[in-house]
Amino acid sequence: MVKRRQYCFLCGRADDVAYVSIGPDAAVCVRCIRALNSMADSMAAKERVRQRTEKFVLPTPSEIKAFLDQYVIGQEQAKRRVALSVYQHYRRLEEMDRGSGEVELEKANILMIGPTGTGKTLIARTLARFLQVPFAIADATTLTEAGYVGEDVENVLTRLVVAADGDIQRAERGIIYIDEIDKIARRSESPSITRDVSGEGVQQALLKIVEGTLATLPPLGGRKHPQANQEQIDTTNILFICGGAFDGLDQIIRDRVSKRGSIGFTSPAVEKGRQPEVMTEDLLKYGLIPELIGRLPIIVHLDPLDEQALVDILVKPKNSLIKQFRRYFEMEGAELTVSEEALRRIAREAIEKKIGARGLRAILERIFERVLFELPEKGAGVKYHLDADLELKRIERAA
């Protein structure tokens, strides 16, 4: 019996490739199937972008803050200021789209200053999710000047494009969060005469993309190459949020305030017992270059978290850690209860170790690890209670 030759009814190809039969006399080659799938994926991506663009309505500052309140505990003043700044940024972009050019509105990037674990990264990430814009995060300590061992500053832009599903136009209106910005302060107040590739040099490299430039994207996972196909991205409308602990900055501020007070000036903040406002000269003394300071005009302070704030963080947010661990227990048919004193013990441990809210999960993982390991096999129908001694006790349920 002679086997009938297969032909693709789309392209007519009859070579030695795999075919999928779609009827007694019809088949489609794998090459055409792949092309159709690619077209379908492209059309679906464009439709998602269209729907997102058509449906998106810029929320008001109060609506932005209300959403932040669901995930970020405390930091009321910081959330208000960030919400207003982000609203004004995207309102400015709407005006540009309408062609309202009577008054040129400049971009205002944000600098967040606060101890580790106070919510700087969480605020930035939550904002991006609420506004449905691409978001990328980078650690300033891993960045170096182009040409040196480390990660080029432009690689951050590549991450943003990836977050935008390759849509460069959408990425050009995204948010980039640069953490640990204080760790790239230059070593002295005087301009460096030697290479400082992980400090002042990185600040100079960041300055170009923060203020707005047409940057060349390096290939994903690699460095720029003259022969490589390269795309460009305009950073003018990308919102940059920088954050850092700035350890020692408070002493610089106190020295400035005390010097002025000694020659007849009195700080209103000192009189009322508030934290004095950070001035440009303070950041200069700390080691940020003046050009970069000028591109970060919105300065937001985050307060250190006390015991009660950490307890609230454990239980109140929409996705709080205690709610997450309770869900892990529920998935295995068990229950978890936590005493108030246990929550306070966990909060005090985080304060003593100076790890803030960021370290709370590590503490809980250590406490629950053994039980979570055994839970799938022998946890069903059992109630567990975390007491004041941070001991997880197994309590059999009544029939």
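Are Phe-329 and Phe-368 buried or exposed? In this predicted model, in which local features require a pLDDT of at least 70, side-chain atom pairs count only at pLDDT 80 or more, and totals for chains, interfaces and linings use all residues, Phe-329 is buried, and Phe-368 is buried as well (buried meaning under 20% relative accessible area, exposed over 50%, and partly exposed in between, with a 1.4 Å probe and protein chains only). Residues are numbered from 1 along each chain as its sequence is written, and side-chain values use heavy atoms, with hydrogens and water left out.

The structure holds seven aromatic pairs, a pair being defined by rings of Phe, Tyr and Trp (its six-membered ring) whose centres lie within 6.5 Å, with planes under 30 degrees apart counted as stacked, over 60 as edge-to-face and the rest as tilted. One of these is the edge-to-face pair of Phe-325 and Tyr-328, with 5.9 Å from centre to centre and 65° between the planes. Because these two residues are three apart in helix H13 (residues 321-331), about one helical turn separates them; helices (H or I, at least four residues) are DSSP runs numbered from the N terminus. Phe-325 is buried, with a relative accessible area of 0%, whereas Tyr-328 is partly exposed, at 36%. The ring centres of Phe-329 and Phe-368 lie 5.9 Å apart with their planes at 75°, so this pair, too, is edge-to-face. It links distant parts of the chain, since Phe-329 belongs to helix H13 and Phe-368, 39 residues away, to helix H15 (residues 360-378). Phe-325, Tyr-328, Phe-329, Phe-368 and Tyr-384 together form one aromatic cluster.

The largest nonpolar core comprises 44 residues, and those with the most contacts inside it are Ile-176, Leu-206, Ile-233, Phe-246, Leu-249 and Leu-283; such a core is a set of buried Ala, Val, Leu, Ile, Met, Phe, Trp, Tyr and Cys residues joined through side-chain atoms within 4.5 Å. Helix H7 (residues 200-211) gives the most to this core, contributing five residues.
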